[in-house]
Amino acid sequence: FWVSGKMYGVIKCRAAVAWEPSKPLVMEEIEVAPPQAHEIRIKIVATGVCHTDLYHLFEGKHKDGFPCVLGHEGAGIVESVGSEVTKFNPGDKVIPLFISQCGQCRFCKSPKTNLCEKGWASDRYDVMSESDTRFTCKGKKVLQFMGTSTFSEYTVVNEIAVAKIHPSAPLDKVCLLGCGVATGYGAALNTAKVEPGSTCAVFGLGAVGLAAVMGCKNAGAKRIIAIDINPTKYEKAKVFGATEFVNPKDHNKPISQVLYEMTNGGVDFSLECVGSVAVMRSALESCVKGWGVSVLVGWTDMDDFAARPIQLIAGRTWKGSLFGGFKSKDGVPKLVNEYLEKKVKLDEFVTHNMTLAQVNDAIQLMKTGDCIRSVLSVALQ
Ligand code: NAD
Ligand code: ZN
């Protein structure tokens with residue numbers, strides 16, 4: 001029902017439901033509850049498919065994390081707001097955020113981190129969702145993956161995890177700032193703090209790695225060595241500023257050795273954008289002793305990693321980056337403006353445009369390495 005221009009009540013809409021790990025997603029009609037206090041119901045217009053969706057479905061496979069609606073790289077329009085929401089109105093363009101920014105907790109108050117104590121990303125890495133959800137399907141509770149669930153025509157998100165963006169932003173492009181591009185770009189700028197004139201290595205040239213290449217370039221790096229086992233990615237990496245390309249499969253010695261020789265002792269900064277503990281070690285060992293910094297961006301929480309302590313004793317720094325180190329609500333609207341001002345590229349990441357109903361094809365394209373980003377149109381604008 002409608003009250004003063006706002007629609008309340010349950011919405012029935014289409015969503016791609018992940019009923020269980022490793023199975024294709026199923027297009028279903030789901031029920032989306034009205035937003036409660038401090039919540040916002042969003043019509044999702046476009047969503048990217050990120051490797052973290054595949055990680056949960058095929059790699060993490062935590063049974064308590066299903067059934068769920070995947071997708072966390074979306075953009076849309078506010079449909080209705082719950083009580084006490086004062087800063088959003090129906091019709092606002094928004095990006096749902098997979099890490100919140102409540103502004104109140106000790107982490108939000110510290111300039112040193114973008115973690116927020118509220119929301120799933122504080123401590124629920126196994127299941128990658130809150131236990132609470134606004135979705136049901138066929139009488140069953142369906143979890144909201146990463147608090148966002150953008151593979152649905154409608155979703156409900158707490159206002160601490162929604163960014164209001166410029167009204168002229170094209171949603172089918174800026175959705176990529178909801179995860180992949182912000183993550184890689186910020187990992188280079190905010191976490192690695194790449195310096196002008198430096199030599200960088202980026203491992204993995206999906207959207208996250210390519211965005212890291214773009215971050216290195218915008219930070220003024222002189223050499224950007226792009227590393228991937230799939231050589232079809234090199235052309236794109238050039239577009240974002242990579243200066244050299246290395247395929248680990250072309251060498252019969254460790255990739256860290258190859259980079260050591262190419263750079264007279266190792267790179268200043270390396271970024272791991274694959275999600276493999278073996279590659280994480282290679283990325284660390286590719287850094288120069290004394291001051292090399294290696295950043296973990298790839299997502300995995302299944303295996304321990306290993307390295308020789310002397311690597312760190314000799315002066316290397318090993319650190320990780322969540323969402324590129326951006327405080328989410330503050331950072332995303334700024335990134336959208338930087339895109340509109342042409343300081344940040346987005347269009348070049350999009351290799352496929354499809355519909356939500358084709359989500360399994362998009363997942364397949366990422367599995368086989370035949371895309372950078374597929375953007376799915378979800379609800380009509
Ligand atoms: P993607 O699948 O599009 O790209 C991964 C790339 O790595 C591919 O091009 C693949 O060929 C390459 N690769 C695989 N094995 C390799 C190896 N041994 N050496 C070099 N390259 C190799 O994935 P994406 O969407 O760009 O995501 C990349 C990673 O970032 C994933 O692990 C994802 O879960 C993670 N991620 C992390 C965050 C975060 O906040 N830290 C956010 C988003 C995504
Ligand atoms: Zn992601």
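## Strand E17 and its neighbours

In strand E18 (residues 317-320), Gly320 is the bridge partner of Leu296. Strands E17 and E18 pair in the parallel sense over 4 bridges. Two strands count as paired if DSSP finds at least two bridges between them. This is a predicted model: local features need pLDDT of at least 70, side-chain atom pairs count only at pLDDT 80 or more, and totals for chains, interfaces and linings use all residues. Residues are numbered from 1 along each chain as its sequence is written, chains are lettered from A and ligands numbered from 1 in the order in which they are written, and side-chain values use heavy atoms, with hydrogens and water left out.

Strand E16 (residues 269-272) also pairs with E17 in the parallel sense, over 4 bridges. There, Leu296 of E17 is the bridge partner of Glu272. E16, helix H8 (residues 277-285) and E17 form a right-handed β-α-β unit. Right-handed means that, with the strands pointing away from the viewer, the path from the first strand over the helix to the second runs clockwise. Helices (H or I, at least four residues) and strands (E, at least two) are DSSP runs, numbered from the N terminus.

From E17 (residues 293-296), Val293 and Val295 point one way. Ser294 and Leu296 point the other way, and all are buried (under 20% relative accessible area; exposed is over 50%, partly exposed in between; 1.4 Å probe, protein chains only).

## Zinc site

Cys50 (SG), His72 (NE2) and Cys179 (SG) coordinate the zinc ion (ligand 2) at 1.9 to 2.3 Å. Donors are N, O and S atoms within 2.8 Å of the metal (3.2 Å for Na, K and Ca); water is not among the atoms, so sites may look incomplete. The spacing of the donors along the chain is C-x21-H-x106-C. His72 lies in the loop between strands E6 (68-69) and E7 (74-81), and Cys179 in the loop between helices H3 (171-174) and H4 (180-192), so the pair ties together parts 107 residues apart in sequence. Both His72 and Cys179 are buried.

## Two domains

The domain assignment gives domain 1 (11-178 + 345-377) and domain 2 (181-324). These bounds come from an automatic or database assignment. The domain centres, taken over C-alpha atoms, are separated by 28 Å.

About 1,900 Å² is buried between domain 1 and domain 2, with carbon and sulfur atoms giving 69%. Buried area is the accessible area (1.4 Å probe) that two parts lose on being put together, summed over both. Tyr55, Phe349 and Ile372 supply 29% of the area that domain 1 buries against domain 2, more than any other three residues.
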